[in-house]
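Morning, everyone. I'll walk through one protein today, part by part. Have the structure open, please.

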Amino acid sequence: MSGKPHDAGPPPVQLWTRDGFQGALSAVTRQTYAPDYLSVQGPHAPRRTVLDRLRVDDQDDPEALPTTVATSRLGVKLHVSGRRKPMPYVVRNVEADEIHFIQSGTVRFETDVGCLVATEGDFVCIPRSVAYRFAPTGDAMRSIIVESPSSLRLTPPVPSGLLNVARDLKYAEIDSGMPAGGPTRLLLKTLDTENTIFMMPHDPLALGVRLSESVPVWKLNLANIQVHAYLPEGGPPSQFLSSGAGDIVMFNLSARPGARAPVHINADFDEVICYVRGPGAWGGCTEPGTLTCVPKGVIHHGPSEDVPEGYQAWLLETRATLRWTPRAIEASQLMETGNYAPHPSTMK
Ligand SMILES: [Fe+2]
């Protein structure tokens, strides 16, 4: 943080933008570094955590569901999983699509439409009402799960360029050797506080053959999503995925050339960024699996993305106003919004 009036060169620009990168904007200048704040109280504050520091229930209890780290009035939620044992039941989320991002480990997913093995950096899409279970193939894993009531789909700006779908999008495939199995619990996940559990006579994920062309469960690795840059001045990243209602948009925010974004206020979207790994640092984010959140309307700058050593990160923008759960707050720190390091007040 600079913490002092701007005293050299042209005064810094401050933007206010509607609809993320899509809408109206206003630009002004200021004499001071706008992201600086002395203190903050209340829930609508920028925070950061590191996924490995979160105590997650399914790490030690195979029966547990992933641990919720953020919720919202619109039903958008974030969860973290750290399984060491396979799920002993099957889940079907009947209220939301899910994107599972694999931060570490290798994870086998078995679903209503086939199986796939996801590795570090993979996004796995499981649409609403597709039943699944997952298991680490080693002895540990860590994933972030984004839950979206509005359906999610790949929406790159043009059909080729940002994504090479034919090469990099991998669909679930049916494992016809999976035994029919015995009685299996099927948990229907709803917005109720209590889940609904069916006892099925056989494993509901044991399938025969695929008849349709389309497969709704897929994986895509962050490293295979190209970055889009406007040179030399810089500009917004390009989305690769969004919800039908436009209330969730996701971007690859890994290193790219171009000037640093201006200080800005995002009027409509909370910004969740996962710094996945280096080698390079992204400003104040150096630990793999650093999760940052700047709520809508909170002025911020963000570190330069032009990091020659490279790093990997992704950005989730959501119109839903997220609230960290007590468990997540306990494991998190207040964040300054210049370089996304812990706020100086947390160092005292
Ligand atoms: Fe922003």
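One term before we start. Two strands count as paired if DSSP finds at least two bridges between them. And a reminder: what you see is a predicted model.

Now use that term. A70 stands opposite L78 in strand 5. Strand 4, residues 67-71, and strand 5 are joined by three bridges and run antiparallel. They form a hairpin with five residues between the strands. In that hairpin, look at G75. G75 takes a positive phi near 90°.

Strand 5 covers residues 77-81 and strand 12 covers 142-148. Five bridges join the two, and they run antiparallel.

Go back to strand 4. Strand 4 also pairs with strand 24, antiparallel, over two bridges. There, T71 stands opposite R323.

So which sheet do these strands belong to? It is an open sheet of eight strands, in the order 14-17-10-7-12-5-4-24. The pairing is antiparallel. At the edges stand strand 14, residues 170-171, and strand 24, residues 323-324. Each has a single partner strand, so one side of each is left without a neighbour in the sheet. One general point for reading the picture. In a regular strand, side chains alternate between the two faces of the sheet.

Next, a residue from strand 7. Q103 sits in that strand, which spans residues 97-104. Is Q103 buried or exposed? Its relative accessibility is 6%, so Q103 counts as buried. A polar atom of the Q103 side chain lies 2.9 Å from the backbone oxygen of V276. Set aside the neighbours within four places in sequence, and Q103 still has a list of contacts. Among them are L51, E120, R142, S143, C274, V276 and R277.

The protein is divided into two. Domain 1 takes residues 13-49 plus 226-347. Domain 2 takes 56-222. How many residues does each bring to the contact? Domain 1 gives 36 and domain 2 gives 34. The domain centres, taken over C-alpha atoms, are separated by 27 Å.

Now the metal. Which atoms of the protein hold the iron ion? The donors are H264 through NE2, E271 through two OE atoms, and H300 through NE2. They lie 2.0 to 2.4 Å from the iron ion. In sequence the spacing is H-x6-E-x28-H. H264 is in strand 20, residues 263-266. H300 is in the loop between strand 22, residues 290-294, and strand 23, residues 312-318. The pair therefore ties together parts that are 36 residues apart in sequence. H264 and H300 are both buried.

What about the geometry? The four donor atoms subtend angles of 58 to 170° around the iron ion, which makes the arrangement irregular. For reference, the ideal angle for four tetrahedral donors is 109.5 degrees.

Strand 1 and strand 20 run parallel, joined by four bridges. In strand 20, the bridge partner of Q14 is V263. Q14 has a partner in strand 2 as well, namely V28. Strand 1, residues 13-17, pairs with strand 2, residues 25-29, in the antiparallel sense over five bridges.

Two more residues, then I'm done.

Where is R327? R327 lies in helix 2, residues 326-330. With 24% relative accessibility, R327 counts as partly exposed. Beyond its neighbours within four places in sequence, R327 is in contact with L54, R55, V56, D57 and T67. Take R55 from that list. R327 and R55 are 272 residues apart in sequence, yet their C-alpha atoms are 7.9 Å apart.

Last one: T190. T190 is in the loop between strand 15, residues 184-189, and strand 16, residues 196-200. T190 is buried, because its relative accessible area is 16% and the cut-off for buried is under 20%. The side chain of T190 makes a polar contact with the side chain of D192, at 2.7 Å. Leaving out neighbours within four places, T190 is in contact with V94, E95 and N195. T190 and A96 are 94 residues apart in sequence and 8.6 Å apart in space, C-alpha to C-alpha.

That's the tour. Thanks.

Notes. Residues are numbered from 1 along each chain as its sequence is written. This is a predicted model: local features need pLDDT of at least 70, side-chain atom pairs count only at pLDDT 80 or more; totals for chains, interfaces and linings use all residues. Side-chain values use heavy atoms; hydrogens and water are left out. Buried means under 20% relative accessible area, exposed over 50%, partly exposed in between (1.4 Å probe, protein chains only). Contact means heavy atoms within 4.5 Å. Donors are N, O and S atoms within 2.8 Å of the metal (3.2 Å for Na, K and Ca); water is not among the atoms, so sites may look incomplete. Four donors count as tetrahedral if all angles lie between 85 and 135 degrees; four count as square planar and six as octahedral if opposite donors are over 155 degrees apart and all others between 65 and 115; anything else is irregular. A polar contact is a pair of N or O atoms within 3.5 Å; within protein, one must be able to donate a hydrogen and the other to accept it, and residues adjacent in sequence count only if both atoms are side-chain atoms. Domain bounds come from an automatic or database domain assignment.
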